[in-house]
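Please read it alongside the sequence and the coordinates.

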Amino acid sequence: MAKRLFDFIVFDWDGTLMDSTTTIVKSIQAAAKDLSLPIPDEGAAAHVIGLSLGDAMQAVMPNVDPKYYPKMAERYRYHYLLRDHELPLFPGVRDMLADLAHQGYFLAVATGKGRVGLNRAMNSANVLAMFDATRCADETFSKPHPAMLQELTRELGQDMQRTLMIGDTTHDLLMAANAGAASVAVEYGAHDARTLASLAPLYSAKNVFELHQWLTENA
């Protein structure tokens, strides 16, 4: 049996494990509408998914008065929290995580969500016990800064060169590159396949079942 390449697998949350991209986009648009600001289109709103909330508001509306960013974040939270308890994991995620844990991989989440939001989501999905560690954007630097991966590897005593980051955005893949970790992209989330391919991930999965199979055969 071939020696596996990785010991530690880190997942993004939104758009990678949880099917939340559409809800995030609509919540950003609703927040802008509440404040009578220009409403970003779906592509612009999806592009900032994965960043910390503050960075996302600035990135999606770079030309508005900065005084609106905290208000945008507040309205975003309002709209998102109306729906977050209804959001499902993507089909196949629970089985994939259970299988990876059974195989002995260390598992973690690195997300642009805040701690309260991630804990709510993980508890709602009943997957908190499947992960060895988690890191959120309100606890350290936002993606694509490497800090989340650096902190997670230190916490669990893992080698960055044997760490794999899996995500649906360029922010995830760039964080991995900046940290010296390998990356795999998923094409069913916020960023399109061509954009993700430009960062040369080891693999790009069209769905969770493809991702699970690739990990079983290659990781």
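Threonine 23 is buried, with a relative accessible area of 12%, in a model that is predicted. Threonine 23 belongs to helix α1, and, when residues up to four places away in sequence are not counted, threonine 23 touches Tyr80, Arg83 and Leu87.

Helix α1 (residues 21–34) and helix α4 (residues 68–81) have axes that come within 8 Å and cross at roughly 130 degrees, and α1 and α4 are therefore oblique to each other. The crossing in which α1 passes α4 is right-handed. On the α1 side the contact is made by Thr23, Ile24, Ser27, Ile28, Ala30, Ala31, Ala32 and Asp34, and on the α4 side by Met72, Arg75, Tyr76, His79 and Tyr80. By residue class, the contact of α1 with α4 divides into eight nonpolar, three polar and two charged residues.

## The α5–α10 pair

Helix α5 (residues 93–102) packs with α10 at an angle of about 15 degrees, the axes being 9 Å apart. With an angle under 35 degrees counting as roughly parallel, α5 is therefore roughly parallel to α10. The crossing in which α5 passes α10 is left-handed.

From α5, the residues Val93, Asp95, Met96, Asp99 and Leu100 meet Val208, Leu211, His212, Leu215 and Thr216 of α10. The residues of this contact of α5 with α10 divide into six nonpolar, two polar and two charged.

## Nonpolar cores

In soluble globular proteins, nonpolar side chains tend to be buried together. The largest nonpolar core of this model has 58 residues, among which Phe11, Trp13, Phe131, Ile166, Leu211 and Leu215 touch the most other members. Leucine 215, with its neighbours within four places in sequence left aside, is in contact with Ile9, Met96, Leu100, Tyr105, Leu164 and Ile166.

## Helices α7 and α8

In helix α7 (residues 147–156), the buried residues are Ala147, Met148, Leu149, Leu152, Thr153 and Leu156. The buried residues of α7 pack against the strands β1 (8–11), β2 (106–111), β3 (133–136) and β4 (163–167), and also against helix α8 (170–179). Glycine 157 follows α7 and has a positive phi, near 65 degrees.

Seven of the ten residues of α8 are buried, so α8 is largely enclosed by the rest of the structure. These buried residues are Thr170, His171, Asp172, Leu173, Met175, Ala176 and Ala179, and the elements against which the buried residues of α8 pack are α2 (42–47), β2, α7, β4, β5 (182–186) and α9 (193–197). Glycine 180 follows α8, and the phi of glycine 180 is positive as well, near 90 degrees.

## Lysine 206

Lysine 206 lies in the loop between β6 (204–205) and α10 (208–218), and lysine 206 is exposed, with a relative accessible area of 54%. With neighbours within four places in sequence left aside, lysine 206 is in contact with Glu187 and Tyr188. Lysine 206 and leucine 174 are 32 residues apart along the chain, and their C-alpha atoms are separated by 20 Å.

Technical notes. Residues are numbered from 1 along each chain as its sequence is written. This is a predicted model: local features need pLDDT of at least 70, side-chain atom pairs count only at pLDDT 80 or more; totals for chains, interfaces and linings use all residues. Side-chain values use heavy atoms; hydrogens and water are left out. A nonpolar core is a set of buried Ala, Val, Leu, Ile, Met, Phe, Trp, Tyr and Cys residues joined through side-chain atoms within 4.5 Å. Buried means under 20% relative accessible area, exposed over 50%, partly exposed in between (1.4 Å probe, protein chains only). Contact means heavy atoms within 4.5 Å. Axes are lines fitted to C-alpha atoms, for helices over the stretch in contact, and angles run from 0 to 180 degrees between N-to-C directions. Helices (H or I, at least four residues) and strands (E, at least two) are DSSP runs, numbered from the N terminus. Angles under 35 degrees count as roughly parallel, over 145 as roughly antiparallel, 65 to 115 as roughly perpendicular and the rest as oblique. A crossing is left-handed if the near helix is turned anticlockwise from the far one by less than a right angle, and right-handed if clockwise. Ala, Val, Leu, Ile, Met, Phe, Trp, Tyr, Cys and Pro count as nonpolar, Asp, Glu, Lys and Arg as charged, and the others, Gly among them, as polar.
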